[in-house]
Amino acid sequence: MFTKNIDYYFKCTSFFYFEPLAALIDMDGTLYDSMPNHAAAWKEMMAEVGIDMPLDEFFRHEGRTGADTINRLFLKEFGREATEEEAKKLYHRKTVLFRKHPDPLTMPGAARMLETLKERNIKRVLVTGSAQSSLISRIDSDFPGAFSPEMRITAADVERGKPDPLPYIKAMSIAGVLPFQSIVIENAPLGVAAGFAARAFTIGVTTGPISEEELYESGAHVVFPSMNDLADKLPILLDELKTHRRS
């Protein structure tokens with residue numbers, strides 16, 4: 001079922017085999033249906049400082065650190081980066097606006113995906129560009145046992161966020177794995193690009209307005225139409241990743 005996708009991965013990386021030992025998993029839009037809240041909070045906050053952008057555009061900044069997103073939007077609109085004080089103040093304001101929205105639900109299929117990985121003894125590392133403690137603090141109660149405390153990368157842990165591969169390279173390091181042993185699971189173009197650059201087998205999932213085509217263009221080796229579909233087909237994909245060899 002996934003032969004062409006795995007062959008494409010081998011072509012991209014020059015690896016000859018794959019050994020699924022770790023899954024490096026995004027949070028917003030992957031584990032939680034939280035991106036609509038994030039996008040709405042970003043749009044409202046930016047409008048307050050005179051930057052008007054379509055709501056969908058904020059989905060394309062998903063994965064960046066808050067400061068990086070603010071700086072890029074300031075450069076585009078004002079021709080300069082935000083000061084450190086401005087960035088801190090604006091991100092705090094965005095956090096306040098995010099918390100005004102109802103708590104996001106877990107993404108349908110996410111728990112089943114994590115359970116499959118756990119059953120296969122595949123390490124799980126949370127890799128998020130977010131610093132939203134209100135959501136990160138829910139991980140243990142919503143997905144008990146899925147991520148041990150030391151297996152988490154957030155915006156506070158990296159100097160450069162997605163699409164830089166650093167978050168995923170660091171995740172591989174703490175999991176004790178190499179790229180050909182690592183699966184990245186993402187819903188956003190920047191996260192997919194980071195996974196691709198880190199040379200992991202990169203899975204894209206369409207859980208918002210970003211199209212399947214855009215995820216493939218960003219570097220996804222395979223794209224699923226929903227987390228439920230990924231959860232359904234994950235056992236097959238893992239088996240094929242483990243057994244298929246580069247021809």
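The largest pocket of this predicted model is lined by Thr-65, Gly-66, Ala-67, Glu-84, Ala-87, Lys-88, Tyr-91, Gly-129, Ala-131 and Ala-155. Here a pocket is an open set of points on a 1 Å grid over the protein atoms alone, where a 1.4 Å probe fits, with protein on both sides within 12 Å along at least five of seven lines; lining residues have an atom within 4 Å of a point. The lining comprises 5 nonpolar, 3 polar and 2 charged residues, where Ala, Val, Leu, Ile, Met, Phe, Trp, Tyr, Cys and Pro count as nonpolar, Asp, Glu, Lys and Arg as charged, and the others, Gly among them, as polar. The volume of the largest pocket is about 200 Å³, a volume being the space filled by probe spheres set on the points, which are joined across faces, edges and corners.

The second largest pocket has a volume of about 150 Å³. Its lining consists of Glu-19, Pro-20, Leu-21, Arg-120, Asn-121, Ile-122, Leu-238 and Lys-242, divided into 4 nonpolar, 1 polar and 3 charged residues.

Arg-120 also forms a salt bridge with Asp-239, with the closest N and O atoms 2.9 Å apart; a salt bridge is a side-chain nitrogen of Lys or Arg within 4 Å of a carboxyl oxygen of Asp or Glu. Because Asp-239 lies in helix H12 (residues 227-243) and Arg-120 in the loop between helix H6 (110-119) and strand S2 (123-127), the pair ties together parts that are 119 residues apart in sequence. Asp-239 is partly exposed at 39% relative accessibility, as is Arg-120 at 36% (buried, under 20% relative accessible area; exposed, over 50%; partly exposed, in between; 1.4 Å probe, protein chains only).

By the same rule, the count comes to 14 salt bridges. Asp-140 and Arg-152 form one with closest N and O atoms 2.5 Å apart, linking helix H8 (residues 139-142) to strand S3 (residues 152-153) across 12 residues. Asp-140 is partly exposed at 45%, whereas Arg-152 is buried at 16%. Salt bridges that share partners join Asp-26, Lys-162 and Glu-186 into one network.

Residues are numbered from 1 along each chain as its sequence is written, and side-chain values use heavy atoms, with hydrogens and water left out. In this predicted model, local features need pLDDT of at least 70 and side-chain atom pairs count only at pLDDT 80 or more, while totals for chains, interfaces and linings use all residues.

Conventions
Helix = DSSP H or I, 4+ residues; strand = E, 2+ residues; numbered from the N terminus.
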